[in-house]
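Trainee: I have a structure open and would like to go through it with you, a piece at a time. Could we start with the pocket and then move on to other parts?

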Amino acid sequence: ANIAESRGRIAEIEIEILKLKSGMRQESIATLREMQTRENELRERRAVEAAKGRDKLLGARQLAAEVITQSLENRDPPAIIRNFLELTWIDVLVFVLLRHGERSEEWRRTGEVAEQLAWSGTTLDATGLLRLQGLRLALLEDLRKGLELLGGYHEDGIRRLLQDIVACQHAVQAKQPQLAANLSSKLAESP
């Protein structure tokens with residue numbers, strides 16, 4: 001009777017263990033399902049945020065392109081200025097817009113710099129020359145700061161580019177388009 005009782009008790013314990021294991025498995029499965037649901041929700045949120053970020057970036061790039069187009073409208077500056085505005089300054093505009101917003105002073109000033117640079121690459125009358133002389137240092141400083149915002153450019157490369165822009169402005173005013181055409185807006189990137 002003792003052995004039969006012991007065997008019965010062992011069987012009951014084994015059944016209880018199986019029930020516990022089954023319950024643990026169900027609990028584990030439920031926990032795994034919850035984790036998968038949370039991971040899926042997180043992936044969906046990240047995908048939505050990434051899409052919003054892409055949309056925001058595309059909108060900023062479009063607005064920046066409009067500023068560049070507007071600054072070049074009815075102007076034909078030399079290639080160094082045009083290329084700089086279309087290929088480099090546009091990135092500064094996008095960065096400033098995303099960081100500070102469309103109503104910020106930084107955005108307004110960055111657009112104004114594009115306008116002034118495009119204007120500075122056209123033939124100016126005596127009044128325009130005086131105005132250019134008065135704003136050149138601030139313009140160059142704003143260009144330098146904008147390039148530094150982007151990062152990735154060597155200080156020497158920025159300095160050479162700004163020197164070439166000034167040389168271009170002088171060549172345009174001296175009516176020497178060939179000299180201006182030989183200047184390049186290529187910036188050396190930092191290693």
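Trainee: Which helices each supply at least two residues of the lining of the largest pocket?

Mentor: Keeping in mind that this is a predicted model, the helices that each give at least two lining residues to the largest pocket are α2 (79-100), α3 (105-120) and α4 (126-150).

Trainee: And which residues line the largest pocket?

Mentor: The lining is made up of Trp89, Val92, Val96, His100, Glu106, Arg109, Thr110, Val113, Asp142, Lys145, Gly146 and Leu149. Sorted by class, five of the lining residues are nonpolar, three are polar and four are charged.

Trainee: How much space lies in there?

Mentor: The largest pocket holds about 170 Å³ of space.

Trainee: Switching topic, how do the axes of α2 and α5 cross?

Mentor: The axis of α2 and that of helix α5, which covers residues 155-173, come within 9 Å of each other and cross at roughly 135 degrees. The two helices are therefore oblique to each other, because an angle has to be over 145 degrees to count as roughly antiparallel, while roughly perpendicular covers 65 to 115.

Trainee: Which residues meet there?

Mentor: From α2 there are Ile80, Ile81 and Phe84, and these meet Leu161, Asp164, Ile165 and Cys168 of α5. By class, that contact has six nonpolar residues, no polar ones and one charged one.

Trainee: Now Ala60: is it buried or exposed?

Mentor: Ala60, which is found in helix α1 (residues 2-72), has a relative accessible area of 2% and is therefore buried, since buried means under 20%.

Trainee: What is Ala60 in contact with, leaving aside its neighbours within four places in sequence?

Mentor: With those neighbours left out, Ala60 is in contact with Val94, Leu97 and Leu98. As for Arg38, which is 22 residues away from Ala60 along the chain, the C-alpha atoms of the two are separated by 32 Å.

Trainee: One last thing, what is phi of Asn74, and where does that residue lie?

Mentor: Phi of Asn74 is near 60 degrees, a positive value in a residue that is not glycine, and Asn74 lies in the loop between α1 and α2. That deserves a second look because most residues other than glycine have a negative phi. Asn74 also counts as exposed, at 79% relative accessibility.

Trainee: And what about Lys175?

Mentor: Lys175, also not a glycine, has a positive phi near 55 degrees, and it lies in the loop between α5 and α6 (177-181). With a relative accessible area of 60%, Lys175 is exposed.

Methods: Residues are numbered from 1 along each chain as its sequence is written. This is a predicted model: local features need pLDDT of at least 70, side-chain atom pairs count only at pLDDT 80 or more; totals for chains, interfaces and linings use all residues. Side-chain values use heavy atoms; hydrogens and water are left out. Helices (H or I, at least four residues) and strands (E, at least two) are DSSP runs, numbered from the N terminus. Buried means under 20% relative accessible area, exposed over 50%, partly exposed in between (1.4 Å probe, protein chains only). Contact means heavy atoms within 4.5 Å. On a 1 Å grid over the protein atoms alone, a cavity is a set of points where a 1.4 Å probe fits but cannot get out, and a pocket is an open set with protein on both sides within 12 Å along at least five of seven lines; lining residues have an atom within 4 Å of a point. Grid points are joined across faces, edges and corners, and a volume is the space filled by probe spheres set on the points. Ala, Val, Leu, Ile, Met, Phe, Trp, Tyr, Cys and Pro count as nonpolar, Asp, Glu, Lys and Arg as charged, and the others, Gly among them, as polar. Axes are lines fitted to C-alpha atoms, for helices over the stretch in contact, and angles run from 0 to 180 degrees between N-to-C directions. Angles under 35 degrees count as roughly parallel, over 145 as roughly antiparallel, 65 to 115 as roughly perpendicular and the rest as oblique.
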